[in-house]
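Dear colleague,

I am passing on a structure that you have not seen before, and my notes on what was found in it follow below.

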Amino acid sequence: MGHRSLAWVNTPVLLQALERYEQGCLPRSMQLWIQQLLELHVELLHRLDLLDAGRERAVRLLEHARQSEPRDE
């Protein structure tokens with residue numbers, strides 16, 4: 001059987017799986033699935049942090065450029 005990818009998981013199923021994971025009551029394949037989901041979540045959060053940091057830097061550069069513009073007086 002080929003490798004299947006996750007397309008959709010509803011919240012009650014995910015919450016039940018997380019609860020059983022914490023209790024140590026999941027088969028190995030489900031444990032690996034939960035671990036993969038959690039790693040994807042951490043990776044996504046890290047990428048969002050990087051995007052926020054990049055956005056903040058871009059705003060600072062833009063503000064600096066505006067302050068450096070010659071003024072017509």
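Met30 has its place in helix H2, which covers residues 28-68 (helices, H or I, are DSSP runs of at least four residues and strands, E, of at least two, numbered from the N terminus). With a relative accessible area of 31%, Met30 is partly exposed, a term that sits between buried, under 20%, and exposed, over 50%, for a 1.4 Å probe and protein chains only. From C-alpha to C-alpha, Met30 lies 9.8 Å from Leu18, at a separation of 12 residues in sequence.

Please keep in mind that this is a predicted model, in which local features need pLDDT of at least 70 and side-chain atom pairs count only at pLDDT 80 or more, while totals for chains, interfaces and linings use all residues. Residues are numbered from 1 along each chain as its sequence is written, and side-chain values use heavy atoms, with hydrogens and water left out.

The chain has 2 helices and 0 strands, and 7% of its 73 residues count as buried.

Helix H1 takes in residues 11-23, and its end C-alpha atoms are 18 Å apart, which agrees with the 18 Å that its 13 residues should span at 1.5 Å a residue (the expected span being 1.5 Å times one less than the number of residues). At the start of H1, the backbone nitrogen of Val13 has a side-chain oxygen of Asn10 within 3.0 Å, and just after H1, Gly24 adopts a positive phi of about 75 degrees.

Finally, Leu44 lies in helix H2 and is partly exposed, at 48% relative accessibility.

Best regards

Terms used
Polar contact = N/O pair within 3.5 Å; in protein donor to acceptor, adjacent residues only side chain to side chain.
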